[in-house]
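Hi,

Here is the structure I promised to pass on to you. Have a look at it first, and then read my notes below.

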Amino acid sequence: MPAQKAVQALSAKTDAMRATAVPLLVKLEEQVEKLTKLADDYLEQGMLGHYAEAIKMRDSATVSLEGLQQKLGISGEAADLATPTKAEVKKEAKKDAEREAKEDAKRLSERDKDNGKKADAREAKEDTKKAVKDEPNEALDLCNDEPSYRWIAAGEGCVVEIKGPACEADAMPDVELSEVQARCSWETSAWQLTLPVAFSLDVAKCKVVRRRKRQILELHLTPAPPAPSCGLKQAVLEQGFGWMDGFLAGQEADVVRARLLDLWKKGELNEGEVEGGKRQHLRSDHYLFMQEDDPAVAPFTRRLDQLVLSIAKEVDELKDLWLMRGRPMVAVYAGAGARYTPHFDAVRGDNGRKITCVLYLNPFWKPGDGAELQIFPEAKGISPEGPCHEVQPLHGRLACFLCDSRNLHAVKPVSESAKMPRVAISCWYYDSEGGQFHREDERDALRSRS
Ligand SMILES: O=C(O)CCC(=O)C(=O)O
Ligand SMILES: [Fe+2]
């Protein structure tokens, strides 16, 4: 065959091959798009197991798509323009892809009967939007004379302006800076302020400016290069529990705290009770399971989901589960003596809880105020035994522990010296089956308030 004819024949063959491959190409593109969206939806609902599965399916569709594109010798964008017949084919293939994505969604959500959840959350969003908008960027005036502070963004870092307690107007505090926190103590009063910072501090480059005329202390906080890894994940992996500072920092932590205190001040919280609703003297906090996409707390739960996803990839107890986040629960321990006696959060899978995550929001907490979380990792029963690890409930600090028949824990009584209630927000991640049951339970707890 003359060379020209051979080239023509080859090109005809290639065209025919492209024409048959195009519908498949389009279908794969649609599939990748749909699965990405599906994964996002699951993540928004805290359905981590479903999310991970959708991502796995999306990635495998992407591999097929890229393989096919390579075979056809076209890049993703060029594929869009590859042939004039594509527009028609696309229409048909879109239908197919939609049908398949629906089937995927059905398969993935087999165990998901939690349909009312999204609608509930939307309603709550409307209710809470306004409250968040109105929150001032200041410490709350729960107490007449507490120190107050505000964050001012400044280049890479920030400045915090701090005013002392009213009764100490002319006294400047001592300042202590660590990599993750700035701490001010007023020597002549019982106040202490510990603020988490959103970046690790380059302590040598930070400045403390005392503006005596204005009675203001300025902390000029300069960031250091980001820390390499998250020690919390490693701690959970190695010992089943751990904590980190600055999980929420700066204004982010203040916004959540303000929202939770607002709910508490409005009397929205329930008296602490034990499973089954029987009031006992086991816990004396006040609590509320919140709507999960309350705008003040959603950024926190999203960030937490990412952390738990990365923990779950490596921790044997969580690896093969379809984890699902429950509603965030606010808990306030107010008044001397408020506490939670030693307990497990789940016993032999009774309520599906697998890992407990608690974020503390107490800028004014200081040693001596009590209310530390105690963890007894070696205790087998309900009586504390073995070593006790105490976690101070510092502003922005996150504690995580595996909780199914593990890590007996308690909240120590609040001391007389505490000037502020102890505020925390907890999230439990459930194994899907138990999670479904418990989420219903939480919704009921919420309804009974309205
Ligand atoms: O707030 C804490 O430190 C832990 C609270 C707790 O154990 C719980 O709510 O089950
Ligand atoms: Fe607990």
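**What I found**

Before going on, some ground rules. This is a predicted model, where local features need pLDDT of at least 70 and side-chain atom pairs count only at pLDDT 80 or more, while totals for chains, interfaces and linings use all residues. Residues are numbered from 1 along each chain as its sequence is written, and chains are lettered from A and ligands numbered from 1 in the order in which they are written.

Helices (H or I, at least four residues) and strands (E, at least two) are DSSP runs, numbered from the N terminus. Two strands pair if DSSP finds at least two bridges between them.

**Around β10**

Which residue is the bridge partner of E271 in β10? That is H286. On the β12 side, H286 has V332 as its bridge partner, and β10 and β12 run antiparallel with four bridges between them. Strand β10 covers residues 286-289: H286 and L288 point one way, Y287 and F289 the other way, and all are buried. "Buried" means that 20 or more other C-beta atoms lie within 10 Å of the residue's own; 12 or fewer makes it exposed, anything in between partly exposed, and the C-beta atoms are placed from the backbone.

Now follow the chain past β12 (329-333): the loop from there to β13 (340-343) holds R339. Why does R339 count as buried? Because 20 other C-beta atoms lie within 10 Å. Leaving aside neighbours within four places in sequence, R339 is in contact with S284, V411, K412, P413 and V414. Contact here means that the C-beta atoms of two residues, placed from the backbone, lie within 7 Å. P223, on the other hand, is 116 residues from R339 in sequence and 37 Å away in space, C-alpha to C-alpha.

**The whole chain**

Zooming out, the protein chain has 10 helices and 19 strands. Of its 450 residues, 38% count as buried. If you take the contacts with a separation of 6 or more, 74% of them are between residues 24 or more positions apart.

There are three domains: domain 1 (3-110), domain 2 (148-221) and domain 3 (231-447). Those bounds come from an automatic or database domain assignment. The centres of domain 2 and domain 3, taken over C-alpha atoms, are 28 Å apart, and 13 residues of domain 2 are in contact with 15 residues of domain 3. On the domain 2 side, β5 gives the largest share, five residues.

The UniProt record (an unreviewed entry) annotates residues 324-431 as "domain: Fe2OG dioxygenase". Its positions are given in the numbering used here, feature names are shortened, and annotations may be inferred rather than shown by experiment. Over residues 324-431 the chain is 0% helix and 42% strand, with the end C-alpha atoms 6 Å apart.

Strand β1 (residues 148-154) pairs with β2 in the antiparallel sense over seven bridges, and I152 stands opposite V159 in β2. Their hairpin has two residues between the strands, and G155 takes a positive phi near 55° there. Strand β2 (residues 157-163) has C158, V160 and I162 on a covered face, and G157, V159, E161 and K163 on an uncovered one. Six bridges also join β2 to β7 (residues 216-221), again antiparallel, with V160 opposite L219.

Then there is an open sheet of three strands, in the order β3-β4-β5, with antiparallel pairing. Its edge strands, β3 (174-177) and β5 (192-196), each pair on one side only. Four bridges join β3 to β4 (residues 181-185), and E176 has R183 as its bridge partner in β4.

**The core**

Last, the largest nonpolar core has 97 residues, of which V256 and L359 touch the most other members. Such a core is a set of buried Ala, Val, Leu, Ile, Met, Phe, Trp, Tyr and Cys residues joined through C-beta atoms within 7 Å. Helix α1 (residues 3-44) gives the most to this core, 10 residues. Beyond neighbours within four places in sequence, L359 is in contact with F247, L248, F300, L398, A424 and I425.

Cheers
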